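Please go through the strand pairing, the disulfide and a few side-chain contacts of this chain. The sequence and structure come first, and the report follows.

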Amino acid sequence: QVQLVESGGGLVQPGGSLRLSCAASGFTFSSHVMRWYRQGPGKERELVATITSVGGITTYADSVKGRFTISRDNAKNTVYLQMDNLKPEDTAVYYCKTLTFGTWGQGTQVTVSS
């Protein structure tokens, strides 16, 4: 059974940094594309970043390009999202997900506020 557990969220001031983690289980993690999504208050869920299974090729939403970095550790079945220079508009619940399966984790709340 696919399980995704996000962690690392919290309250941070504008300009600060956070590192999110997503621990995956129930499937062959190294074989799957992984994605981070977010859903801000009153907004639709949006795709933030993607990392391929082979080669670790990454893509980003324009709104986070140059500030966020997605990475993965296949030995630990974990995908990360390093978020730097955070802005109030980054406030959202952040979720990880595979490209293949429909399972969502519980998400982790990120709040950027002074």
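Strand 7 (residues 68-73) pairs with strand 8 in the antiparallel sense, over six bridges. Strands here are DSSP runs (E, at least two residues), numbered from the N terminus. Two strands pair if DSSP finds at least two bridges between them. The model is predicted: local features need pLDDT of at least 70, side-chain atom pairs count only at pLDDT 80 or more, and totals for chains, interfaces and linings use all residues. Residues are numbered from 1 along each chain as its sequence is written, and side-chain values use heavy atoms, with hydrogens and water left out.

Strands 7 and 8 form a hairpin. Four residues lie between them. In the turn, asparagine 77 has a positive phi of about 50°.

Strand 8 also pairs with strand 3 (residues 18-25). That pairing is antiparallel too and runs over six bridges. Some bridge partners in strand 8 are listed here.

| Residue | Bridge partner in strand 8 |
|---|---|
| Threonine 69 | Glutamine 82 |
| Aspartate 73 | Threonine 78 |
| Cysteine 22 | Valine 79 |

Strand 8 spans residues 78-83 and is mostly covered. Five of its six residues are buried, where buried means under 20% relative accessible area, exposed over 50%, and partly exposed in between (1.4 Å probe, protein chains only).

Next, the disulfide. The structure holds one, defined as a pair of cysteine sulfur atoms within 2.5 Å. Cysteine 22 and cysteine 96 form it, with their sulfur atoms 1.8 Å apart. The pair links distant parts of the chain: cysteine 22 sits in strand 3 and cysteine 96 in strand 9, 74 residues apart. Why does cysteine 22 count as buried? Because its relative accessibility is 0%. Cysteine 96 is buried as well, with a relative accessible area of 0%.

Cysteine 96 also touches arginine 35. Arginine 35 lies in strand 4 (residues 34-39). Not counting residues up to four places away in sequence, arginine 35 touches Leu47, Ala49, Thr50, Tyr95, Cys96, Lys97 and Leu99; contact means heavy atoms within 4.5 Å. The C-alpha atoms of arginine 35 and leucine 99 are separated by 6.9 Å, though the two are 64 residues apart along the chain. The side chain of arginine 35 makes a polar contact with that of tyrosine 37, at 3.4 Å. A polar contact is a pair of N or O atoms within 3.5 Å; within protein, one must be able to donate a hydrogen and the other to accept it, and residues adjacent in sequence count only if both atoms are side-chain atoms.

Last, threonine 91. This residue is found in the loop between strand 8 and strand 9 (92-98). Threonine 91 counts as buried because its relative accessibility is 18%. Which backbone atom of valine 112 lies 2.9 Å from a polar atom of the threonine 91 side chain? The backbone nitrogen of valine 112 does. The backbone oxygen of proline 88 lies 2.9 Å from a polar side-chain atom of threonine 91. Leaving aside neighbours within four places in sequence, threonine 91 is in contact with Gly40, Pro41, Gln109, Val110, Thr111 and Val112.
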